[in-house]
Amino acid sequence: MSQLKACLFDLDGVVVDTAQFHYAAWKSLANQLGFDLTPEQNEQLKGVSRMESLDIILEIGNVKLDEGTKQRMAAEKNQHYLELCQQMTPEDVLPGVRDFMDQLVAASIKIGLGSASKNARLILAHINMLDRFATIVDGTRITKGKPDPETFLLGAQDLGVEPTDCVVFEDAVAGIQAAKNGGMVAVGVGDPAVLAGSNLVITGFEDLSLATIQYLFE
Ligand code: G6P
Ligand code: MG
């Protein structure tokens, strides 16, 4: 029988509100190319790697670019994104996240990070949370992005737990699919209408008790 032994957290939009900065930076790139990016279209980008996101955006705008220009645009987006992140402080960790992690530590439940971002360590350092995670799986370690389960399977392996004993917290459709594809329990953070397929959807970590999550294993 499965039992809650580890929690794997996505980073952007789950631990810290960097999802808004990714969106702002992609939107301004789209605007530069002469079209707009709606919040609905942005949902397709969440959890998806930098280059894949750019491909999706170019398809939305029906713009074709050569490989060199694409690399340059992705680098520009990243620079803009990192500039926006400069305004972030440890106060920007999403409400309730630290308290929830304290509950996990008290119950000896392991904590890992599973993000597509190549900036994950940098962001975690910025918000002073690097030492909260027993393992960090980020965009520099994976070969297949979400919805492939690789990110979370690696996390479970690092923590020495079975995938079925893990809960994944995700704000992205691709991330929920990745968790399910890996045989894990998936908790959506955000809008239930967007995150269909989750075992549970929460609006945030504020007042989330460990018992609510443990209940998913009964
Ligand atoms: C996360 C975010 C995506 C972002 C991706 C790559 O999955 O949800 O919006 O595109 O990471 O991030 P990076 O920081 O490497 O560009
Ligand atoms: Mg996310």
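Asp10 (OD), Asp12 (O) and Asp171 (OD) coordinate the magnesium ion (ligand 2) at 2.0 to 2.2 Å, where donors are N, O and S atoms within 2.8 Å of the metal (3.2 Å for Na, K and Ca) and water is not among the atoms, so sites may look incomplete. This is a predicted model, in which local features need pLDDT of at least 70 and side-chain atom pairs count only at pLDDT 80 or more, while totals for chains, interfaces and linings use all residues. Residues are numbered from 1 along each chain as its sequence is written, chains are lettered from A and ligands numbered from 1 in the order in which they are written, and side-chain values use heavy atoms, with hydrogens and water left out.

**Around the magnesium ion**

- Along the chain, the donors of the magnesium ion (ligand 2) are spaced as D-x1-D-x158-D.
- Asp10 sits in the loop between strand S1 (6-9) and helix H1 (19-32) and Asp171 in the loop between strand S4 (166-170) and helix H8 (173-181), so this pair ties together parts that are 161 residues apart in sequence.
- Helices (H or I, at least four residues) and strands (E, at least two) are DSSP runs, numbered from the N terminus.

**Asp10 and Lys146**

- Asp10 also meets Lys146 through a side-chain salt bridge (3.2 Å, N to O), the term being used for a side-chain nitrogen of Lys or Arg within 4 Å of a carboxyl oxygen of Asp or Glu.
- Because Lys146 lies in the loop between strand S3 (135-137) and helix H7 (150-159) and Asp10 in the loop between S1 and H1, the pair ties together parts that are 136 residues apart in sequence.
- The whole structure holds 10 salt bridges.

**Backbone features to look at**

- Lys146 and Pro147 are joined by a cis peptide bond, with omega about 15 degrees.
- Asn62, in the loop between helix H3 (50-60) and helix H4 (67-85), has a positive phi of about 55 degrees although it is not a glycine.
- For context, most residues other than glycine have a negative phi, and most peptide bonds are trans.

**Two domains and their interface**

- An automatic or database domain assignment divides the protein chain into domain 1 (6-16 + 90-217) and domain 2 (19-85).
- The contact (heavy atoms within 4.5 Å) takes 14 residues from domain 1 and 11 residues from domain 2.
- The C-alpha centres of domain 1 and domain 2 are 24 Å apart.
- Between domain 1 and domain 2 there are 0 salt bridges.
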